[in-house]
Amino acid sequence: MSKSGTTFLKRFFKVSTIYKYGFTWSPMYRRTTAKLIEVSDDLYYVKIRLKLNWKNRNYAGSMFGGSMLAATDPIYMIQLIQILGDDYVVWDKSVEARYKRPAKSTVYGEFIFTSEEICHIKKSVFENKQTDILKSLNLVDEKQNIIATFNKTVYIADKSFYKEKLKARKTNT
């Protein structure tokens, strides 16, 4: 799923539909074997499903941790890019992964933003020109057992500030 492709498709489809199917069909995301199964119209809520299969099964017979991490990796960043719009720059900065128990069946993850969080992000960027946020996500099995927890740090900046920051770096090198 690319930004230019999304811009073109917005003429024909809701952003949530593009988001859901764009991820599913995107080669980079399809390789994770995960699927977006629910996306709210405002993109504040996304739910993924990752089934255990021969493509993501490890030597011990459970789900490969890298598959779980890859399935969760781009969601928050692209959610924010779409929610905040073109005046912001959004990048994944880091992730901390904690695997709690082996995934021996299908796992699910929910990516949630609230209106208050989005207002806080916009206010923080307005005041400081850039900010980092921490989002936590649990992957759970069908019985709601926590399989893995991922703590993601996402960087958000005012686009004009970010461009000036890049120019300053280039002139200093």
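Reader: In which element is the place of T153?

Author: T153 lies in strand 6; strands (E, at least two residues) and helices (H or I, at least four) are DSSP runs, numbered from the N terminus. The model is predicted: local features need pLDDT of at least 70, side-chain atom pairs count only at pLDDT 80 or more, and totals for chains, interfaces and linings use all residues. Residues are numbered from 1 along each chain as its sequence is written, and side-chain values use heavy atoms, without hydrogens and water.

Reader: Why is T153 called buried?

Author: Buried means under 20% relative accessible area, exposed over 50%, and partly exposed in between (1.4 Å probe, protein chains only). T153 has 17% relative accessibility, so T153 counts as buried. Leaving aside neighbours within four places in sequence, T153 is in contact (heavy atoms within 4.5 Å) with D92, K93, S94, D132, I133 and L134.

Reader: What makes K93 and D132 a salt bridge?

Author: The term asks for a side-chain nitrogen of Lys or Arg within 4 Å of a carboxyl oxygen of Asp or Glu. The side chains of K93 and D132 meet at 2.6 Å, N to O, so the pair is a salt bridge. K93 is in strand 3 and D132 in strand 5, so the pair ties together parts 39 residues apart in sequence. D132 is partly exposed, at a relative accessible area of 38%.

Reader: How do you know that K152 is buried, and what pairs with K152?

Author: The relative accessible area of K152 is 2%, so K152 is buried. Its side chain meets that of D73 in a salt bridge of 3.1 Å, N to O. K152 is in strand 6, whereas D73 is in the loop between helix 4 (65-72) and helix 5, 79 residues apart. D73, at 33% relative accessibility, counts as partly exposed. Salt bridges that share partners join D73, D92 and K152 into one network.

Reader: Why is D41 called exposed, while K14 is called partly exposed?

Author: D41 has a relative accessible area of 57%, so D41 is exposed. K14 has 48% relative accessibility, so K14 counts as partly exposed. The two side chains meet in a salt bridge (3.0 Å, N to O). D41 is in the loop between strand 1 and strand 2, and K14 in the loop between helix 1 and helix 2 (15-25), 27 residues apart. A search of the whole structure finds seven salt bridges.

Reader: What makes strand 5 and strand 6 a pair?

Author: Two strands pair if DSSP finds at least two bridges between them. Strand 5 (residues 130-140) and strand 6 (residues 146-158) are joined by 11 bridges, so they pair, and they run antiparallel.
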